[in-house]
Amino acid sequence: MSTTGKENIDQGERIVSVLAGSWLLYKSLRKMGKHPFLGLQGAAAGGLMLYRGATGVCPLYQKLGKDTTDPQAINITEDITVNAPIDKVYAFWRELSNLPKFMEHLKSVEEISEKVSLWTANTPGGLIDLNWNAEITREETATYLGWQSLEGSMIDNAGKIEFRETLNGTGTELHIEIDYFPPAGSVGRGIASLFNGIFERMIREDIQRFKTYAEETDFKQYAGLSV
């Protein structure tokens with residue numbers, strides 16, 4: 001794609017914008033006959049996506065003073081308390097394939113070995129699978145769990161959870177940190193830039209959702225600690 005020196009979105013995001021715009025325009029034109037108003041709205045949005053992809057310029061970003069040619073990482077830090085025993089809460093998190101049960105931004109987490117897993121994230125419209133391999137970098141039973149994506153991943157991801165028993169001994173306090181670092185110059189970086197706000201909001205909501213999930217779920221199968 002050509003450059004003019006006035007772009008405020010990077011090459012990766014431009015590629016994703018063209019793909020998303022083409023898909024949205026196609027879907028909107030197909031529904032134009034039955035739902036002309038919705039079809040026109042979708043076509044306009046698709047046209048805007050195609051424009052930003054072709055020119056590298058996003059008018060909304062200009063108004064907000066945003067420039068994703070140098071996007072920032074997504075850094076999430078949350079503290080929650082759940083009314084569930086610490087051993088069961090830790091064992092649930094240690095089985096990483098459980099995470100998509102309450103984290104809507106994750107499509108799947110497949111545990112390849114004791115330490116390594118394959119993560120796949122949901123993207124709007126399902127345009128492309130956003131996946132990466134990660135390994136557990138540190139674990140202390142019922143106290144700490146940390147992971148990090150492996151070198152060469154489409155998206156660099158890292159996270160950690162610290163577990164503490166509540167004073168009354170019946171609940172669990174969790175300190176959760178999840179980071180996404182978009183690699184420079186890759187399509188993955190563009191995807192992270194384009195959906196940055198969506199991802200951040202989804203992750204925060206996912207973490208808060210765990211409280212409800214944990215307190216409504218029977219953790220009998222996690223009665224023992226994962227080691």
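**Exercise 1.** State whether F92 and F102 are buried or exposed, and classify their ring pair.

*Solution.* Both F92 and F102 are buried, where buried means under 20% relative accessible area with a 1.4 Å probe and protein chains only, exposed over 50%, and partly exposed in between. This is a predicted model, in which local features need pLDDT of at least 70 and side-chain atom pairs count only at pLDDT 80 or more, while totals for chains, interfaces and linings use all residues. Residues are numbered from 1 along each chain as its sequence is written, and side-chain values use heavy atoms, with hydrogens and water left out.

Eleven aromatic pairs occur in the structure. Rings of Phe, Tyr and Trp (its six-membered ring) pair if their centres lie within 6.5 Å; planes under 30 degrees apart count as stacked, over 60 as edge-to-face and the rest as tilted. For F92 and F102, the centre-to-centre distance is 6.2 Å and the planes are 35 degrees apart, a tilted pair.

**Exercise 2.** Determine how the rings of W119 and W147 are arranged, and which strands they join.

*Solution.* The ring centres of W119 and W147 are 5.6 Å apart and the planes lie at 25 degrees, so this pair is stacked. W119 belongs to strand β3 (residues 116-121) and W147 to strand β5 (residues 144-149), so the pair ties together parts that are 28 residues apart in sequence. Strands (E, at least two residues) are DSSP runs, numbered from the N terminus. W119 is buried at 2% relative accessibility, and W147 is buried at 4%.

**Exercise 3.** Identify which residues form one aromatic cluster with F92.

*Solution.* The cluster consists of F92, W93, F102, F210 and Y213.

Definitions and conventions:
Helix = DSSP H or I, 4+ residues; strand = E, 2+ residues; numbered from the N terminus.
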